[in-house]
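Hi,

Here is the structure I promised to pass on. Have a look at it first, and then read my notes below.

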Amino acid sequence: MRLIIGNKAYSSWSLRGWLACRQSGFVFEEVVVPMYDADWDRRRQGDEFAPSSGKVPILWDGEAVVWDSLAIVDYLSDKLAAQGLGRDRFWPADDAPRAMARSMAAEMHSSFAALRREHSMNIRQLFPVRRPSDAVLADLTRIMELWAQARARWGGGGDFLFGDFGAADIMFAPVCTRIVTYSLPVARFAAPYVEAVLAHPFMQDWIAGAQEEEWVIEQYEPPVPSRG
């Protein structure tokens, strides 16, 4: 398998696809492609990018290609099941928590536009504390509601939303990085969860890789304060 991803410092969807591959346990080749560099437009027109119209992440598994993070999770889950390894590496084994985990992952996939737009992922930065917009606060309130329900109903056996690290945590992992980067307000119960996600060995590997990158994308960086 070959996974094409964008910059580790900035690409939240790449993070999700990469975490899914690590969580699967399958061996895969990682190819990091700098976003928005001089070759970005040309590269996006290549055959490897064609199915996704140039978007990352893209997972190639022989002739099979998957280019959406949640689809990558489901593809790898199905691949595990086909090999008799079980789906519970990603989704809870029981119907009720699995239904909730899938719903939460899908809501994360399609919602929270204000949080994404106003607080893009930047693992290498700690921005000055500022009050988020009302739209971002509304997104955070909803996320706290989801996390509280999952933890209260199904998370008692471990540190993560449904006890063990799984697909729902993978989908919300970039939110955890944003909470730290921008000092976003969260409920008291959520702080240990954020810490657990960021301390996970896979996340630590990703964060280390982001710190080692030399690429800088100015649109995701803080403005330089003016003098005078």
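Predicted model: local features only at pLDDT ≥ 70, side-chain atom pairs only at ≥ 80, totals over all residues.

A word on aromatic pairs before anything else: rings of Phe, Tyr and Trp (for Trp, the six-membered ring) pair if their centres lie within 6.5 Å, with planes under 30 degrees apart called stacked, over 60 edge-to-face and the rest tilted. By that rule, W147, F172 and Y193 form one aromatic cluster.

Residues are numbered from 1 along each chain as its sequence is written, and side-chain values use heavy atoms, with hydrogens and water left out.

Back to the rings. Searching the whole structure turns up five aromatic pairs. One of them is F127 with Y182: the ring centres are 4.7 Å apart and the planes sit at 15°, so this pair is stacked. F127 is in the loop between α5 (113-118) and α6 (134-154), and Y182 is in the loop between α7 (167-181) and α8 (190-199), so the pair ties together parts that are 55 residues apart in sequence. Are these two buried or exposed? F127 counts as buried at 15% relative accessibility, and Y182 is buried too, at 10% (buried is under 20% relative accessible area, exposed over 50%, partly exposed in between, using a 1.4 Å probe and protein chains only).

You'll find W67 in the loop between β4 (64-66) and α3 (69-82), and with 40% relative accessibility W67 counts as partly exposed. Neighbours within four places in sequence aside, W67 is in contact (heavy atoms within 4.5 Å) with P51, S52, P57 and I58.

As for the whole protein chain, there are nine helices and four strands, taken as DSSP runs (helices H or I, at least four residues; strands E, at least two) and numbered from the N terminus. The order from the N terminus is β-α-β-α-β-β-α-α-α-α-α-α-α. Of the 228 residues, 49% count as buried. Among contacts between residues at least 6 apart in sequence, 69% join residues at least 24 apart. The C-alpha trace spans about 65 × 45 × 25 Å along its principal axes.

Cheers
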